[in-house]
Structures are given as C-alpha cells and as structure tokens.
Amino acid sequence: MLLILWGVLIQFTIPIDNGDALKNAEADSQRTLYPYVTGTSIVAIKYKDGVLMASDMGGSYGSTLRYKNIERVKAIGKHSLLGASGEISDFQEILRYLDELVLNDNMWDDGNSLGPKEVHNYLTRVMYNRRNKFNPLWNTLVLGGVKNGEIYLGMVSMIGVSFEDNHVATGFGNHLARPILRDEWRADLSFEDGVKLLEKCMRVLLYRDRSAINKLQIAKITEEGVTVSQPYSLKTFWEFQAFHNPTAGAQGSW
Amino acid sequence: MDLNLDAPHSMGTTIIGVTYNGGVVLGADSRTSTGMYVANRASDKITQLTDNVYVCRSGSAADSQVVSDYVRYFLHQHTIQLGQPATVKVSANLIRMLAYNNKNMLQTGLIVGGWDKYEGGKIYGIPLGGTVVEQPFAIGGSGSSYLYGFFDQAWKENMTKEEAEQLVVKAVSLAIARDGASGGVVRTVIINSEGVTRNFYPGDKLQLWHEELEPQNSLLDILNAAGPEPMAI
C-alpha cells in the first residue's frame, strides 16, 4: 500500500470525469456561486502610532446568527493585520496561503520580513486572478500594518478592486461607518480616541446591521507588534422619549 | 440562479456534538428521507473515522458517506505513518480539505468529535462551504434550527458525562418533535480516554413533549381500562 506523501495532499478534489467544458455544462462547476457562512463589516483606521481594526465575532448562515466566536482579524507575519468579511471558509483558505507565504519568506533567513504593502499586493493578485477565472474568493479584505515607521492601510475586494486609504470599511460599514470616519478622522488620533471612534462606528453597525452581533474585538498594530483585544460587548442606548411610545401620535404606525 | 443569501439549503437530520469534562458526546436522529418518504427509519448517522474520532453526518447521504469514506482511508494511512492515533484536529482538517475544495458539488454538513491525548475531547463543526469551527458544542442539520434557543439556555461548561448525554438526548428528541426531516431513534456515541460507548434510545424511552401522548397498543385497551372509583360519602 502506497503511503501518502502529506506534502502532496494539500488539496483533494474528488475525481470525477466531467468531460470537457466546451461540450459539457457540468464541467463548468469549478466556480463559487454564493457564500454560506459569512462575516459582516470590518472597520479600520490609521492613527498616530499605527492601525486600529475592529470587527465583530459573528459568522452568519443566511439570516441565522450561527457562530458567535469567529476571529475575523488575524496577524500576518510581524508587520500586518488582515481582517476579512464575506465567506469564512475562503478567509481560512487565504490564511493558509499567507502561512505559506510567510513561511517561505522566513526560510530565506535573510533578516527581511514581509511588510504590509507586499502582503496587500500579494492578496490583490490572488483576488484579481480568481475573479478572472470566474471563481472568486468571496471576501473583502482589509490589510493594515506598520513597517520601518511607515503606516499602511488598504483593502481588496472579491473582484480585485484594491486601494489604500486612511480609513476603510467593508460591507455595511461602507454605508454606515465611512460617513462617520470622513467627518471625524484625523491623522494625529491617539489610541484612546481611535478606539472611541471605532466603537462609535461599531455601535451604529450594531443598531442597523442585521448580521452584526454584540461581541467585538479591536486589534492594534504598531511598530512594536500586534495586539488583539479580548472579546467584549458594547452598551447600547434605548432610553429615548420617542422610543417609549412611538405610535402615540399615529395609532397603527411603526 | 437567484442570489438569495437569506435562504441557505436546509438539510434533513438533527446532529449534535457536545464536549464535557473528559470527552465528547455525539448524538443524532435516525431518519433518512427521499422527498416525503422515509427511506431508512433506523440509519446510523454517527460514523467512525478512527478508533477515537467519529463524525456526525447531515445533508446528502451520498455526499456525507463518500467524504467519510475518503477521510477514513486517509486517516488509516496517516495512523500507520504516524505510529499513533490520529488527532481530532487532523481528522477535522481532512474533512475540511474535501468539503472546501469540492464546495460546488457537495451538500453536507458535518460535526467531527473525538478524544486524543494532546487536546482531550474536541468538537469541530464543518458546515456547508467548508468552514472549520472548533466549538464547545455544535449542532447541525435541519432539526438544529429548533435547538439554537434551547442550547443558548441549557448549555453549561464542564458538564459530567451523564449530564452531557442527557442534554444531547433531550435536544435530539425536541428537534425530532418539530422537524419533519428528523425522526426515529436517538443514537449517541461517547468518546473519552477510556474508549467509545454507543447508546440507543428508541422513541418510547424518551420524555413526552407538548401535545404528545403516551403510546398505547390499542384504543380497546383504553376503553376496557377500569373507570374511576365511584365517589363515597
């Protein structure tokens, strides 16, 4: 019996004879059609010492809030943070690709290490190439980091759209967090002010995004390294006069 | 194809995996259906992968069987090569490899559970799409919809083996009561350092829920049963 070489068994597609794609509709089955387990918004900002990135810990399955302990922000190498929204299985696969990238980078043993710009570029190539094959990784990725004093923040979408900015947000965050960030972001934000700004955004998302859950993590990256906070919950506010009796003025209204 | 992101495929079955202080308890119903017909009312959905790792299968019977078969084959070779029992994590990752790379073709949600000497009892949920999530407990299959609230309330950390099994049996039984695609008997498998124990709970051993009546042999037995005692002054 042949013993399997584990290095080879990285990917196993169940062998089926599908015929050739030109003649056979089923052979065209190698494409992701829709996501199953999804993460919602990521919100990230540059601040005085580096980058702050916030996400909740939810993994939705359609409209069900199925998983409540998923970490959607991970450290990559020494200098980067990657946050992902969208299909979690594709995010897990991207982490595997990045593991290999970082491993190979370390094996050179030349004192160099992958910086955020390089990781962002790699991800952009991966996402765009998959898009061209009509088999996207169903994620929007946020890549932030600091190397040699230079603070970097960018994002890549599932169709390969890639750019850098001082503040980014994915999913619902595009609609709800960006306006707040455009108004209140400054280059010299302290850590405390940065956290408060992110929390302001996350609270709005909690009120208004159906797939948000009240359990979040805020990650910080500076020249010194990465810290990911413990999971925590935000207080929410319901004590408005108008909330107590909203239909008083118009019976039957909402 | 319409991108209706709010309606994932529902899958026949109720499957559960729960960790406790010393191991894991896996549970499942026993109904296999083709459309409205119950093709097998006593199926065994808790399948062995190795001596110490089992998997609960839900969704397409064929898909879940072929995935288990491949993974059992890989794990067998892995065990020989490694010289010691495979870990639960490796088993889960092999399932993930198949589930993820064949995501367009497969329709199966799996719960991997087992015990190994490094991490003790562990449960890994692998839903549609091939995400792997390590959890203290996992529920899956169409019947699981009815159990989210139940587990939110009833789950506690560090249960004993007996408490964990009671919880699993109760949960599967509750799901069977409400899910048409789940039914039959409740099977459980307990895995810990001492080994593996299989248990079988037919319908009449289970608690009765709302609007369920005590099963009888016949109406005639009810009619012939002695009436109430006459009142005495």
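The exercises below work through a predicted model with chains A and B.

**Exercise 1. Overall figures for chain A**

Task: State how many helices and strands chain A has, what span its C-alpha trace covers, and what share of its residues is buried.

Solution. 
Step 1. Take the secondary structure. Chain A has 5 helices and 13 strands.
Step 2. Take the extent. The C-alpha trace of chain A spans about 75 × 50 × 35 Å along its principal axes.
Step 3. Take the burial. Chain A has 254 residues, and 47% of them count as buried.
Step 4. Take the surface. The accessible surface of chain A is about 13800 Å². Carbon and sulfur atoms own 53% of that area.
Step 5. Take the contacts. Consider those in chain A with a separation of 6 or more: 61% are between residues 24 or more positions apart.

**Exercise 2. A hairpin in chain A**

Task: Describe how β12(A) is joined to β13(A), and name the bridge partner of A219(A).

Solution. 
Step 1. Locate the strands. In chain A, β12 covers residues 216–222 and β13 covers residues 225–228.
Step 2. Get the direction. The two strands run antiparallel, with 4 bridges joining them.
Step 3. A hairpin of 2 residues leads from β12(A) to β13(A).
Step 4. Pick one pair. A219(A) has V228(A) in β13(A) as its bridge partner.

**Exercise 3. A nonpolar patch**

Task: Which residues make the nonpolar surface patch of about 570 Å²?

Solution. 
Step 1. List the members. They are Y207(A), F237(A), W238(A), F240(A) and F243(A).
Step 2. F237(A) sits in the loop between β13 and α5 (241–244) of chain A.
Step 3. Classify F237(A). Its relative accessibility is 48%, so F237(A) counts as partly exposed.

**Exercise 4. A sheet in chain B and the helix across it**

Task: Give the strand order of the open sheet of 5 strands in chain B, and explain why β10 and β12 are its edges.

Solution. 
Step 1. Write the order. The sheet reads β10-β1-β2-β11-β12 (chain B), and its pairing is antiparallel.
Step 2. Find the edges. β10 (137–140) and β12 (195–201) of chain B each have a single partner strand, so one side of each has no neighbour in the sheet.
Step 3. From one strand to the next, the twist averages 15°.
Step 4. Inspect one pairing. β11 of chain B (residues 186–192) pairs with β12(B) over 7 bridges, in the antiparallel sense. Within this pairing, V189(B) has R198(B) as its bridge partner.
Step 5. Helix α4 of chain B (residues 161–178) lies across β1 (15–20), β2 (23–28), β11 and β12 of chain B. Helix α4 runs at about 155° to β11(B).

**Exercise 5. The surroundings of L110(B)**

Task: Is L110(B) buried or exposed, and what does L110(B) touch?

Solution. 
Step 1. L110(B) lies in strand β7 (residues 108–116) of chain B.
Step 2. Apply the cut-off. Buried means under 20% relative accessible area. L110(B) has 3% relative accessibility and therefore counts as buried.
Step 3. List contacts, leaving out residues up to four places away in sequence. Among them are V55(B), C56(B), R57(B), I95(B) and Y124(B).
Step 4. Check a separation. L110(B) and G203(B) are 93 residues apart in sequence, with 24 Å from C-alpha to C-alpha.

How values were computed:
Residues are numbered from 1 along each chain as its sequence is written. Chains are lettered from A and ligands numbered from 1 in the order in which they are written. This is a predicted model: local features need pLDDT of at least 70, side-chain atom pairs count only at pLDDT 80 or more; totals for chains, interfaces and linings use all residues. Side-chain values use heavy atoms; hydrogens and water are left out. Two strands pair if DSSP finds at least two bridges between them. Patches are made of residues with over 30% relative accessible area and no salt bridge: like charges are joined within 9 Å, nonpolar side chains (Val, Leu, Ile, Met, Phe, Trp, Tyr) within 5 Å. Accessible areas come from the Shrake-Rupley method with a 1.4 Å probe; for residues, only the protein chains shown count as cover. A salt bridge is a side-chain nitrogen of Lys or Arg within 4 Å of a carboxyl oxygen of Asp or Glu. Buried means under 20% relative accessible area, exposed over 50%, partly exposed in between (1.4 Å probe, protein chains only). Contact means heavy atoms within 4.5 Å. Axes are lines fitted to C-alpha atoms, for helices over the stretch in contact, and angles run from 0 to 180 degrees between N-to-C directions.
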